[in-house]
Amino acid sequence: MDLLSPNPGLIIWTLITFVLVLLVLKKFVWGPLLSALDQRETRIREALEQAEKARAEAEKSAEENKQALAQAQAEAQAAINKAREDAEQVARDVQARAEAEAQQLLEQARRTIQQERNQALQTLRQQTAELAILAAGQLLEENLDDEHNKKIVDDFINRMPEHS
Amino acid sequence: MAAQAEEQQSGGSFILEHIIDHHELHLGPLHIPLPHIELFGVDMSITGHLVMMWVASLLLILTLIISTKRRGLIPSGFANAIEAIAIFIRDDIAVPNFGERDASKYMPFLMTVFFFILFCNLLGLIPFGQTATGNINVTATLAGISFAMMLGAGIKHNGLFGFFKGLIPPNLPIALLPLMIPLEFLGLLTKPFALCIRLFANMLAGHVVILSFIGLIFIFKTIFVAPFSIAFALAMYLLEIFIGFLQAYVFTLLTALFVGLCIHQEH
């Protein structure tokens with residue numbers, strides 16, 4: 001046999017062999033292999049999509065959590081501020097009321113003092129007049145006309161300076 | 001076997017002895033005669049290369065079936081390598097040439113072409129093995145199968161008339177038709193011819209070079225040539241492994257390309 005001599009028998013055998021190999025492999029290897037490949041790729045693709053979806057969801061919920069947290073913080077801050085304002089208001093009210101009360105008490109005390117003083121002065125004047133009349137009567141040993149005497153003493157008292 | 005005397009003179013005939021087909025199976029010094037069969041007037045004798053092709057085919061079928069047998073969704077071991085090749089052939093050869101939709105239809109054929117050629121190529125590198133793809137009858141048959149695929153796919157997609165009409169570039173002046181029709185027809189035939197010759201020559205050449213390096217030892221009849229011869233032969237051997245894969249890939253790629261061109265003739 002030569003290097004380039006045609007051999008029809010070998011050609012036919014090769015054809016038969018190749019076709020048989022093709023059929024056997026197609027049935028037992030390529031079919032299962034390629035379908036498994038497709039299956040796996042589908043599964044991987046699905047898994048990736050799911051992971052992507054889960055990630056997006058997690059991101060969304062994290063965002064929501066953040067927002068809720070921020071909102072809660074804002075609410076808490078608002079509550080604190082309100083409480084502080086209320087407390088300040090209350091404090092201011094209490095202080096104002098206390099001041100007013102104190103002022104009122106002071107005023108009342110002052111009025112009472114003034115009244116007492118006036119009353120004392122009044123009493124003092126009366127007693128001074130009576131004492132003066134008594135003293136004058138005893139000094140003069142003379143029963144003067146009460147009406148007349150009282151007038152003289154009243155004039156005297158009235159001539160006395162108002163505030164002494 | 002023909003002439004020991006001639007071998008003494010030229011030193012080259014032992015190379016030919018190793019690379020041509022015989023009607024006996026050569027296992028080292030052992031020459032096993034193979035049966036002569038004649039069917040319908042055709043010499044269907046079993047030859048050494050044919051036996052090697054069968055061995056390669058059996059190895060191929062067994063390897064693939066065993067390695068891919070226990071299939072879960074997650075491959076392991078050797079099945080991984082098979083799958084890597086399958087994915088490569090699908091994504092880099094089938095899909096670009098046939099499109100996403102048609103690729104799976106041609107995948108079994110392309111995969112078989114690749115692995116069949118690969119195993120035939122590599123079997124020649126094993127001691128006592130011979131390269132069936134180093135026989136031009138084998139490569140011609142494989143190229144013929146590719147050619148049949150080209151014609152079949154082309155006619156199936158474009159119709160019998162449409163396919164041959166599509167071979168001629170559109171909007172061609174009528175005057176050029178007598179020139180272009182034979183040219184395009186020749187171009188169609190060149191493709192499988194190139195496939196046939198490329199694989200045959202590549203497989204043959206590597207073995208010839210290795211045998212030549214080894215042969216230098218016997219031509220010079222001195223042991224001092226041996227280290228160089230063996231070093232170069234070893235380098236060639238490693239290159240041959242690479243070429244075995246490369247040519248299987250090239251044959252598959254070009255087959256897919258040519259079949260794709262017959263389907264999508266507008267390119």
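Trainee: Which residues does Ile117(B) touch, not counting residues up to four places away in sequence?

Mentor: Start with the kind of model. This one is predicted. In it, Ile117(B) touches Thr133(B), Leu142(B), Leu199(B), Gln247(B), Ala248(B) and Phe251(B), with residues up to four places away in sequence left out.

Trainee: Which residues touch the most other members of the largest nonpolar core?

Mentor: Ile117(B) is one of them.

Trainee: Now the overall layout. What is the secondary structure of chain B?

Mentor: Count the elements, then read their order. Chain B has eight helices and four strands. Along the sequence the pattern runs α-α-β-β-β-β-α-α-α-α-α-α.

Trainee: And how many helices and strands does chain A have?

Mentor: Chain A has two helices and zero strands.

Trainee: What share of each chain counts as buried?

Mentor: Take the chains in turn. In chain B, 35% of the 267 residues count as buried. In chain A, the figure is 7% of 164 residues.

Trainee: What share of the contacts in chain B joins residues at least 24 apart?

Mentor: Look at contacts between residues at least 6 apart in sequence. In chain B, 65% of these join residues at least 24 apart.

Trainee: How do I read two packed helices? Where do helix 5 and helix 7 of chain B meet?

Mentor: Read geometry first, then residues. The two axes come within 8 Å and cross at roughly 145°. The crossing is right-handed. Helix 5 of chain B uses Ile136(B), Thr139(B), Ala140(B), Ala143(B), Gly144(B), Ser146(B) and Phe147(B). Helix 7 of chain B answers with Pro192(B), Phe193(B), Leu195(B), Cys196(B), Leu199(B) and Phe200(B). By class, this contact has 10 nonpolar, three polar and no charged residues. Leu199(B) is also on the list of residues that Ile117(B) touches.

Trainee: Last, the interface. How many residues does each chain put into the contact?

Mentor: In general, the size of an interface is often given as the accessible area lost when the parts come together. Here we have residue counts. Chain A gives 32 residues and chain B gives 39. On the chain A side, 23 are nonpolar, five polar and four charged.

Definitions and conventions. Residues numbered from 1 in each chain as written. Chains lettered and ligands numbered in written order. Predicted model: local features only at pLDDT ≥ 70, side-chain atom pairs only at ≥ 80, totals over all residues. Buried ≥ 20, exposed ≤ 12 C-beta atoms within 10 Å, placed from the backbone. Contact = placed C-beta atoms within 7 Å. Core = buried A, V, L, I, M, F, W, Y, C linked by C-beta atoms within 7 Å. Nonpolar A, V, L, I, M, F, W, Y, C, P; charged D, E, K, R; others polar. Axes fitted to C-alpha atoms, helices over the stretch in contact; angles between N-to-C directions. Left-handed = near helix turned anticlockwise from the far one by under 90°.
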